[in-house]
Amino acid sequence: MCLWGIRKYPSAVCTRSFLAPANPVSDLQICQHRAPTCCTKKMEESYQAAVRRERTQSIQALNFELKYMIVGHITAFQEAFESLRRFAENRTSSLFETAYRPMAKEAAEPVKELFTDISLYILGAETTVESAVLRFFDSLFPLVYSRLINPGITDLSEDYTECLRLTRQDINPFGHYPKNLVTELSRSLWASRMLIQALRLGSEVINTTEHAALSKECSRALVKMQYCPHCQGLTLIRPCVGYCLNVMRGCLASVSELDAQWREFISVLEYLTNEMASSHELEMALSGIWSSINEAILHAQLNGPQLSATVSVSCFREIRFSWHPEGHDIFPMFDYIKYIKYDCNFTAVVLNVLSLRCREFINYMKRSRTFYASIAERLCDGDLVMRDSSTCWNGEDVVESRVVSNGLKAQINNPELKVRGLDPLINNLIDKLHHFNQGGCDRSFRFPDSGKCGAEEGEGAMGCLKKKTHFIGQ
């Protein structure tokens with residue numbers, strides 16, 4: 001009788017309909033032994049379902065802290081950026097409300113759109129800093145022209161407004177200030193955008209590897225390693241270390257192929273994170289937007305007569321307007337500068353907290369550099385295996401088996417299971433990491449005034465990032 005099978009059958013798969021049989025049978029597909037067995041084919045199927053769950057849970061447990069750190073850093077960085085963005089937007093709105101009241105109400109929407117576009121760019125939207133800034137100044141020029149340069153204009157139709165928007169691109173009423181603003185924001189926002197992309201990619205890698213499907217060979221090997229001893233009454237014995245490593249390395253052969261790209265990815269992530277933690281460039285660029293806009297408006301006002309003459313020719317429309325040099329105000333900024341000097345402790349606190357989180361994050365991520373190279377060893381650690389090889393299970397008996405190395409190629413010599421090839425999902429992750437690492441400079445970014453893409457063909461992300469740092473430092 002197999003009463004021990006009823007007592008010792010794992011509770012994870014033991015149900016009323018799957019109780020061990022009363023007499024030994026031998027029609028099994030996985031747990032085949034010379035001696036009679038107390039397992040059935042139905043129990044084998046339940047064991048396979050159990051090992052799939054257990055494998056997923058084990059990898060999730062290993063991934064938990066890594067995933068927590070990445071997701072937490074994404075949240076912390078986005079919150080810090082949003083705080084700085086709102087602060088900068090409020091400053092810019094206050095500029096119009098305090099210094100340019102005639103156009104403050106109408107300027108509110110373009111200001112809101114500008115900062116929304118900046119947020120979308122940081123979050124990875126298919127847009128550019130240049131298009132966001134130039135779109136803002138396109139919307140701003142009709143307001144500056146009709147409310148500040150020619151406050152006597154009584155007709156500002158839709159067609160005329162559109163004409164002014166298009167004319168702005170030709171006559172450049174704001175001088176070099178829009179271009180300068182594009183340069184400053186592109187330099188600072190690019191690294192932030194890249195960091196968000198990197199963190200999201202890291203999260204995708206973890207989530208995908210957690211749920212990678214087990215091959216038929218792998219699930220059979222896991223059942224043989226963990227549950228076949230039960231069919232012979234050996235309910236307390238555990239796998240040998242070498243045997244476990246062979247099985248896990250075979251099952252995780254595709255996952256371990258992530259190792260090389262993951263190591264380089266961590267190096268890129270470390271570089272980007274250190275850049276964000278050690279530099280106040282993002283804060284300075286965002287908080288300086290209001291100043292650039294103010295200088296641009298003053299430039300247009302100072303060149304008001306010339307702009308009026310050019311617009312009257314370009315737009316071919318008669319309108320009633322008045323130009324009174326004596327009564328025309330070039331708005332002085334002294335009062336506003338006093339008003340705009342908010343307590344800088346706010347941004348200092350935000351950045352100090354972010355810097356601390358960045359240091360903690362990257363210190364942990366550096367320790368995860370070998371995560372995918374050592375995942376089999378970590379799964380075979382602890383209670384799963386028996387360290388005393390004289391009393392451990394090797395799939396057939398108590399003899400220690402040969403141990404193969406990590407990686408797909410090494411599994412050719414794996415005595416425990418046959419590995420058929422690279423998992424397509426894992427292969428896709430490897431391609432994504434490779435693309436980020438080798439083309440990590442985000443091809444949509446172009447260095448201002450250079451016309452050159454952020455990364456030359458074939459240049460790795462680290463080389464590109466160092467080039468960018470050198471460019472900024474010039």
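Biologist: How much accessible surface does the protein have, and what percentage of it belongs to carbon and sulfur atoms?

Modeller: This is a predicted model, and its surface is a computed value. The accessible surface of the protein comes to about 22900 Å². The part of this surface that belongs to carbon and sulfur atoms is 52%.

Biologist: What is the mean pLDDT of the protein, and which stretches have a pLDDT below 50?

Modeller: The mean pLDDT is 77, and 73% of the residues reach 70 or more. Over residues 320-328 the pLDDT is below 50, although this stretch has 17 contacts in the model beyond near neighbours in sequence. The other such stretch, with 7 contacts beyond near neighbours in sequence, is residues 469-474.

Biologist: How many helices and strands are in the protein, and what percentage of its contacts with a separation of 6 or more comes from residues 24 or more positions apart?

Modeller: The protein has 18 helices and 0 strands. Of its 474 residues, 50% count as buried. Among contacts with a separation of 6 or more, the share that comes from residues 24 or more positions apart is 82%.

Biologist: Is Leu 28 buried or exposed?

Modeller: Leu 28 lies in the loop between helix H1 (3-8) and helix H2 (41-99). Its relative accessible area is 4%, and a residue counts as buried under 20%. Leu 28 is therefore buried.

Biologist: Which residues is Leu 28 in contact with, leaving aside its neighbours within four places in sequence, and how far apart in space are Leu 28 and Thr 40?

Modeller: With those neighbours left aside, Leu 28 is in contact with Thr 37, Cys 39, Thr 40, Lys 41 and Glu 44. Leu 28 and Thr 40 are 12 residues apart in sequence, while their C-alpha to C-alpha distance in space is 6.4 Å.

Biologist: How many cavities of 30 Å³ or more are found, and what is the volume of the second largest cavity?

Modeller: The search covers the whole structure, and it finds 2 cavities of 30 Å³ or more. For the second largest cavity, the volume is about 40 Å³.

Biologist: Which elements give two or more residues to the lining of the second largest cavity?

Modeller: The lining of the second largest cavity consists of Pro 110, Glu 113, Leu 114, Asp 117, Ala 132, Arg 135, Phe 136 and Ser 139. These lining residues divide into 4 nonpolar, 1 polar and 3 charged. The elements that give two or more residues to this lining are helix H3 (101-122) and helix H4 (129-149).

Conventions. Residues are numbered from 1 along each chain as its sequence is written. This is a predicted model: local features need pLDDT of at least 70, side-chain atom pairs count only at pLDDT 80 or more; totals for chains, interfaces and linings use all residues. Side-chain values use heavy atoms; hydrogens and water are left out. On a 1 Å grid over the protein atoms alone, a cavity is a set of points where a 1.4 Å probe fits but cannot get out, and a pocket is an open set with protein on both sides within 12 Å along at least five of seven lines; lining residues have an atom within 4 Å of a point. Grid points are joined across faces, edges and corners, and a volume is the space filled by probe spheres set on the points. Helices (H or I, at least four residues) and strands (E, at least two) are DSSP runs, numbered from the N terminus. Ala, Val, Leu, Ile, Met, Phe, Trp, Tyr, Cys and Pro count as nonpolar, Asp, Glu, Lys and Arg as charged, and the others, Gly among them, as polar. Buried means under 20% relative accessible area, exposed over 50%, partly exposed in between (1.4 Å probe, protein chains only). Contact means heavy atoms within 4.5 Å. Accessible areas come from the Shrake-Rupley method with a 1.4 Å probe; for residues, only the protein chains shown count as cover. pLDDT is the predictor's confidence in each residue, from 0 to 100.
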